[in-house]
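Have the sequence and the model open side by side while reading. The paragraphs below go from one element to the next.

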Amino acid sequence: MQLITSLDIRNSEYFSKDRFISYHHQMRLVASLGSQVSNILEIGIFNSFLKDLLKLNGYKVTTADVDPNLKPDIILDLTADFSLPKDKFDVVVLFQVLEHLPYEQSEQALKKLAEATKRFLVISIPYNTQYLTLQLRFSFLPRPRHLLLKIPRFWSQKPMCDQHYWEIGLKGYPKARIFNSIAKIGLNVKQEFLDPTNPYHYFLVLEKTPNT
């Protein structure tokens, strides 16, 4: 796995409008879990933006990353035989991370992360589709209305990012395969969500089944 600080990424380029949309949903989905969540493990940080947002809203946040240059609280290599304290965190969050691992390694990593959370994981994974989004905004409605048409790129094996091993929707990685992996680990899909204005980020709120 290539360290993110070794890539030529400028914050001004990284903080795109689409990414801010994702930050909004990351916060919203964590908040939707209610008062039962206060202690969070964030994996894959790049910058401290989400951590700072969470802390401003009263959460206790522990950060973990493979890149020591980011100064995480825990140096964590998801491709290694790592271990974390069991049932320590109320929720483990990792957004746009698992696809940076070969699929079988991402399954193993998710299984170990499920052991570290008391109940929830909130993740996002790239969803590679051809899509058309139409947005309608009316002054008399509080929220815009959307029409989203999407077709997974099942004929292609090429992720949108060179740093990704796989993405949902590509040949060999239908959504059903990802859901089967999640169920095999002992997790239920509590909520799935994508924003029509940025359907590339596919969000899942996962909950441990009893005795997991």
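A residue is called buried when its relative accessible area is under 20%, exposed when that area is over 50%, and partly exposed in between, using a 1.4 Å probe and protein chains only. The structure is a predicted model, in which local features need pLDDT of at least 70 and side-chain atom pairs count only at pLDDT 80 or more, while totals for chains, interfaces and linings use all residues. Residues are numbered from 1 along each chain as its sequence is written, and side-chain values use heavy atoms, with hydrogens and water left out.

Helices (H or I, at least four residues) and strands (E, at least two) are DSSP runs, numbered from the N terminus. A helix to start from is α2, residues 17-31. α2 has 15 residues and reaches 21 Å from its first C-alpha to its last, close to the 21 Å expected at 1.5 Å a residue; the expected span is 1.5 Å times one less than the number of residues. Its buried residues are Ile21, Ser22, Tyr23, His25, Gln26, Met27, Leu29 and Val30.

Helix α4, with 14 residues, reaches 20 Å between its first and last C-alpha, close to the expected 20 Å. Which residues of α4 are buried? They are Tyr103, Ser106, Glu107, Ala109, Leu110, Leu113, Ala114 and Ala116. In an α-helix there are 3.6 residues a turn, so residues three or four places apart point the same way. The buried residues of α4 pack against β1 (39-43), β4 (89-95), β5 (117-126), α5, β8 (187-195) and β9 (198-208), where contact means heavy atoms within 4.5 Å.

One of these partners is another helix. The axes of α4 (residues 103-116) and α5 (residues 175-185) come within 10 Å and cross at roughly 40°. Such axes are lines fitted to C-alpha atoms, for helices over the stretch in contact, and the angles run from 0 to 180 degrees between N-to-C directions. The crossing of α4 and α5 is right-handed, a term for a near helix turned clockwise from the far one by less than a right angle. On the α4 side the contact is made by Tyr103, Glu104, Glu107, Leu110, Lys111 and Ala114, and on the α5 side by Arg177, Ile178, Ser181, Ile182, Lys184 and Ile185. The residues of this contact divide into six nonpolar, one polar and five charged. Here Ala, Val, Leu, Ile, Met, Phe, Trp, Tyr, Cys and Pro count as nonpolar, Asp, Glu, Lys and Arg as charged, and the others, Gly among them, as polar.

A nonpolar core is a set of buried Ala, Val, Leu, Ile, Met, Phe, Trp, Tyr and Cys residues joined through side-chain atoms within 4.5 Å. The largest one has 35 residues, of which Ile43, Leu78, Leu113 and Leu121 touch the most other members. At least two residues of this core come from each of β1, β4, α4, β5, α5, β8 and β9, and α4 gives the most, with six residues. Apart from residues up to four places away in sequence, Leu121 touches Val91, Val92, Leu110, Leu113, Ala114, Leu187, Leu204, Val205 and Leu206. There is also a second, separate core of 18 residues, which includes Ile40, Val91, Val93 and Val205.

Most residues other than glycine have a negative phi. Asp87, in the loop between β3 (74-75) and β4, has a positive phi near 55°. Gln96, in the loop between β4 and α4, has a positive phi of about 55°. Are these two buried or partly exposed? Asp87 counts as partly exposed because its relative accessibility is 41%, whereas Gln96 counts as buried because its value is 14%.

Three further residues show how sequence and space relate. His146 lies in strand β7 (residues 145-152) and is partly exposed, with a relative accessible area of 33%. His146 and Thr197 are 51 residues apart in sequence and 8.4 Å apart in space, C-alpha to C-alpha. Leaving aside neighbours within four places in sequence, His146 is in contact with Thr133, Leu134, Gln135, Pro196 and Thr197. Asp81, in the loop between β3 and β4, is exposed at 70%; its C-alpha is 9.3 Å from that of Lys112, 31 residues apart in sequence. Arg137, in the loop between β6 (129-136) and β7, is exposed at 61%. Arg137 and Pro85 are 52 residues apart in sequence and 47 Å apart in space, C-alpha to C-alpha.
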